[in-house]
Amino acid sequence: MRINWAILLGLVLVIVENAVVPWLIPPGWSDRLLPHLTFILTIFVAGYAGRHPAFLFGLGFGLLQDMLSYGHLIGPYGFGMGLIGYFAGLLSEYKSYTIGLFSWVILVFGMMLDSIVYWIYNLFRLTNLQFAHVFYWQVAPTALLQLLIALLMYVPVRRYLVKALPSTGEDSSE
């Protein structure tokens with residue numbers, strides 16, 4: 001895993017997420033769709049580098065997102081992305097990431113991330129919305145959009161981040 005390149009790519013995705021994506025989402029949907037591109041990259045890091053780098057990657061970029069744009073508290077996205085990065089990395093130690101498992105992880109953990117943020121905001125009484133309303137209007141559409149973006153990013157990011165492994169069938173020069 002090229003972790004230094006992943007960090008650089010994460011910084012580029014933070015810029016894209018905060019500068020370009022708001023222009024692409026229609027104004028009526030801007031409060032509903034909040035795709036987290038660095039979250040998708042955190043799942044890639046979890047799949048190909050392990051749980052500890054994914055935890056630190058998710059924690060760092062989650063805190064960066066908290067400071068840049070997401071509101072009233074510093075820490076919900078950092079906590080959520082770090083926790084999910086750790087669990088996704090733990091899952092990758094038991095099962096290799098195929099595109100099917102990767103899609104499932106993006107969808108389920110994407111819903112988990114937004115749910116964690118909602119529950120933290122609810123804990124500190126920063127929101128008075130019901131979870132069913134938030135799930136229907138924000139969590140589910142965001143998770144589906146993240147799944148679409150992740151599937152579009154799957155092959156290029158995987159080729160970019162995974163080091164080329166020599167095949168075992170090659171003849172060695174003796």
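I call a crossing left-handed if the near helix is turned anticlockwise from the far one by less than a right angle, and right-handed if clockwise. The model is predicted, so I note that local features need pLDDT of at least 70 and side-chain atom pairs pLDDT 80 or more, while totals for chains, interfaces and linings use all residues. Residues are numbered from 1 along each chain as its sequence is written, and side-chain values use heavy atoms, without hydrogens and water.

Entry: α6 and α7. I looked up helix α6 (residues 99-123) against helix α7 (residues 131-161); helices are DSSP runs of H or I, at least four residues, numbered from the N terminus. I find their crossing right-handed. The angle is about 145° and the axes are 9 Å apart (lines fitted to C-alpha atoms over the stretch in contact, angles from 0 to 180 degrees between N-to-C directions). Contact (heavy atoms within 4.5 Å) involves residues including F102, I106 and W119 of α6 and F131, L147 and Y154 of α7.

Entry: Beyond four places in sequence, I43 touches residues including I84, F102 and I106.

Entry: S92. I place S92 in helix α5. I count S92 as buried because its relative accessibility is 14%. Its side chain reaches the backbone oxygen of A46 at 2.8 Å.

Technical notes. Helix = DSSP H or I, 4+ residues; strand = E, 2+ residues; numbered from the N terminus. Buried < 20%, exposed > 50% of the residue type's maximum accessible area, 1.4 Å probe, protein only. Polar contact = N/O pair within 3.5 Å; in protein donor to acceptor, adjacent residues only side chain to side chain.
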